[in-house]
Amino acid sequence: MSENKTLEIYQSMGICEEVYSYGNRILGSLAERFAAIDANAEYNQLKVLKAMQECQVSEACLLGTTGYGYNDIGRDALEAVYAKVFHTEDALVRPQITCGTHALALALMSNLRPGDELFSPVGKPYDTLEEVIGIRPSKGSLAEYGITYRQVDLLPDGSFDYENIKKNINKKTKLVTIQRSKGYQTRPTLSVDRIGELIHFIKEIKPDVICMVDNCYGEFVETKEPSDVGADMVVGSLIKNPGGGLAPIGGYIAGKKECVENAAYRLTSPGLGKEVGASLGILTNFYQGFFLAPTVTAGALKGAVFAANIYEKLGFAVVPDGTESRHDIIQAVTFGNAEGVIAFCEGIQAAAPVDSHVTPEPWDMPGYDAKVIMAAGAFVSGSSIELSADGPIKPPFAVYFQGGLTWQHAKFGILKSLQSLVDKGLISKEFLK
Ligand SMILES: *Cc1c(COP(=O)(O)O)cnc(C)c1O
């Protein structure tokens, strides 16, 4: 097929020749990075397939149950598959876990008791967890149940503040929460190896402390997961990486048997635990999504690397930078003003398969402390493994871009975002030459 024909369809979808050519020049420099991402996906694809085969996933597993959901073989086998992939004793993977925040709240609330202390050695956790913990007061927070909280920030260069971490671990410290991804911050994302070093340090001081990792956006980005380097629990959302774009809801907790059991008793009821919870008709999506997750994550990663290089060369601050190794699928681009954030998100929205004709606007989203603009025209509402971008309207006015169910779609979305900035006069075409 001729290059011309491709340019033509891009042009018919609002991309000018300068933006298209600029994108392709950037792409030309990324062959090695992309090959490494593909090699990683190949390994993870086999890891998931092997787990499914070893657990003897059968056609009957895809059917699902109603009512109490006793003896739901598909649900139980899926949880066994997750446990195998994460190399953990057990897992809880449920549509009744409504989102990532719920999964994290569940893991925390079920494994902490009044008088215990929760500790974050990697700074402030994800915005929505502030109300879960009670950093911002909220009904039913851990603070209301007499669970205290401490945090030690990362040092300015992004390294762990080992001295203060040691000082803040005390006899009340029961659970340590480590967020892998940067979330809405511009700090670096933690590699699995760095998480391993941190857990090792903490366990030397207090061996029986539970180390939990918020694994959101990190699954399948590397060939190892935090549970391979000592985490007692890894927690995440199925409308991010491990759902592969097909899971319409859900969250997971994989980890030590006792941690998972505590979570199951809290999710359903003491005494019932994992035995109940009908899977309804959702299991095919969960299985097939998990099966596709390694390659979907790879496409999203390519999009993130592409976006970093596109915007870095235009002079914007990007985290991670264009050459850094990746540990999650999020790309932060700092525009320094609200107009840039809004234009970027409008471009991403215009690239969507669903709702491309609507214009996103900043709004007061529950759980966040500033207005947030979100671009998402997704098949699954709010899914951020699908092409999406969001940015809190507050300094430093950074936008967080992620997802894309296919690399080709991620590429188009990024070019649309750039086109939107060009069309609004925020970037001059001169710079694209
Ligand atoms: C998305 C995310 C969460 C919360 O997940 P929701 O599904 O949005 O509730 C928590 N932590 C991190 C790092 C995340 O990226």
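**Entry 1: the model and its domains**

I am working from a predicted model. I looked up the domain assignment of the protein chain first. Domain 1 is made of two segments, 3-43 and 291-432. Domain 2 covers 65-285. I then took the centres of the two domains over C-alpha atoms, and 28 Å separate them.

**Entry 2: the interface**

How many residues of domain 1 are in contact with domain 2? I find 35 residues of domain 1 in contact with 32 residues of domain 2. The area buried between the two domains comes to about 2700 Å². Carbon and sulfur atoms give 62% of that area.

Next I checked polar pairing. The interface of domain 1 and domain 2 holds 13 residue pairs in polar contact, counting pairs with both residues at pLDDT 80 or more. I then asked which elements supply the side of domain 1 that touches domain 2. At least two residues each come from the helices α3 (31-54) and α10 (283-312) and from the strands β9 (331-334), β10 (372-376), β11 (388-392) and β12 (398-402). The largest share, six residues, is from α10. I sorted this side of domain 1 by class as well: 19 residues are nonpolar, ten are polar and six are charged.

**Entry 3: salt bridges**

Side chains of opposite charge can pair when their charged atoms come close. I searched the whole structure and noted 24 salt bridges. Across the interface of domain 1 and domain 2 the search gives one. I also looked at the pair Asp328 and Lys182, whose side chains meet in a salt bridge at 3.4 Å, N to O.

Another salt bridge joins Glu54 and Lys50, with the closest N and O atoms 3.3 Å apart. Where do Glu54 and Lys50 lie? Both are in helix α3, four residues apart, or about one turn of the helix.

**Entry 4: the ligand site**

I listed what surrounds the ligand. The residues are Cys99, Gly100, Thr101, Leu104, Tyr126, Gln179, Asp214, Cys216, Tyr217, Ser237 and Lys240. Then I went through some distances to ligand oxygen atoms.

- Gly100 places a backbone N or O atom 2.7 Å from an oxygen atom of the ligand.
- Thr101 has a polar side-chain atom 2.5 Å from an oxygen atom of the ligand.
- Lys240 has a side-chain N or O atom 2.9 Å from an oxygen atom of the ligand.

**Entry 5: backbone checks**

Pro320 sits in the loop between β8 (317-319) and β9.

I marked another cis peptide bond, from Pro395 to Pro396, with omega near 5°. Pro396 is in the loop between β11 and β12. Both of those strands supply residues to the side of domain 1 that touches domain 2.

Last, I looked at phi. Phe220 is not a glycine, yet its phi is positive, about 70°. I place Phe220 in the loop between β5 (210-214) and β6 (233-237).

Note on methods. Residues are numbered from 1 along each chain as its sequence is written. Side-chain values use heavy atoms; hydrogens and water are left out. Domain bounds come from an automatic or database domain assignment. Contact means heavy atoms within 4.5 Å. Buried area is the accessible area (1.4 Å probe) that two parts lose on being put together, summed over both. A salt bridge is a side-chain nitrogen of Lys or Arg within 4 Å of a carboxyl oxygen of Asp or Glu. A polar contact is a pair of N or O atoms within 3.5 Å; within protein, one must be able to donate a hydrogen and the other to accept it, and residues adjacent in sequence count only if both atoms are side-chain atoms. Ala, Val, Leu, Ile, Met, Phe, Trp, Tyr, Cys and Pro count as nonpolar, Asp, Glu, Lys and Arg as charged, and the others, Gly among them, as polar. A residue is near a molecule or strand if one of its heavy atoms lies within 4 Å of it.
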